[in-house]
Amino acid sequence: MNRKMNTTEGLNVTKRLQNELMQLMMAGIPGVTAFPESDNLLSWVGTIEGAPGTVYHGLSYKISLKFPVNYPYTAPTIKFTTPCFHPNVDSEGNICLDILKDKWSAVYNVQTILLSLQSLLGEPNNDSPLNTYAAQMWDKPEEFKKQVIKIHNSVSY
């Protein structure tokens, strides 16, 4: 159900997201970025690079971040827009990550989310897979890496 954002909510979420954007830019964390899509602070695009030592190293993934009007009290909706072969990512880009679901807390922010996603790439939760095929292949690193590259390269930018 969509509800109109009241002025106080709008100012609070806008101020929070402006502060988070500034913190993220100042931190300069390697391998993760996120910015508002245009002048809409509730819709962001981000990039996550695979960390060294993982099968995702050298690959870059685009994500979308949609913030609800009651952020940070409700988690944003995050999706991979670049195809990602991963046990916790389905074919539509939906992500199974506890901090985006039942473990969400208002203390989390965009930086926390991006770093958690980057970590998830190298350390999936195979106990709760969205992609069971990827979860089954995880223990076969060479085959898994081939599938990661095949899926990643299936998109044309």
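Lysine 66 stands opposite threonine 77 of strand β4. The structure is a predicted model, in which local features require pLDDT of at least 70 and side-chain atom pairs count only at pLDDT 80 or more, while totals for chains, interfaces and linings use all residues. Residues are numbered from 1 along each chain as its sequence is written, and side-chain values use heavy atoms, with hydrogens and water left out.

Lysine 66 lies in strand β3, which spans residues 60-66. Strand β3 pairs with β4 (residues 77-80) in the antiparallel sense over 4 bridges; two strands pair if DSSP finds at least two bridges between them. Strand β3 is also joined to β2 (residues 43-49), again antiparallel, by 7 bridges. In that pairing, isoleucine 48 has tyrosine 61 of β3 as its bridge partner.

Isoleucine 48 of β2 is also the bridge partner of valine 32. Strands β1 and β2 run antiparallel with 5 bridges between them, and they form a hairpin in which 6 residues separate the two strands. Buried here means under 20% relative accessible area, exposed means over 50%, and partly exposed lies in between (1.4 Å probe, protein chains only).

The chain as a whole has 4 helices and 4 strands, in the sequence order α-β-β-β-β-α-α-α. Helices (H or I, at least four residues) and strands (E, at least two) are DSSP runs, numbered from the N terminus. In helix α4 (residues 141-152) sits glutamine 147. Is glutamine 147 buried or exposed? Its relative accessible area is 17%, so glutamine 147 counts as buried. Leaving aside residues up to four places away in sequence, glutamine 147 touches Phe85 and Met137, where contact means heavy atoms within 4.5 Å.

Turning to the overall form, the C-alpha trace spans about 50 × 30 × 30 Å along its principal axes. Of the 157 residues, 41% count as buried. Among contacts between residues at least 6 apart in sequence, 55% join residues at least 24 apart.
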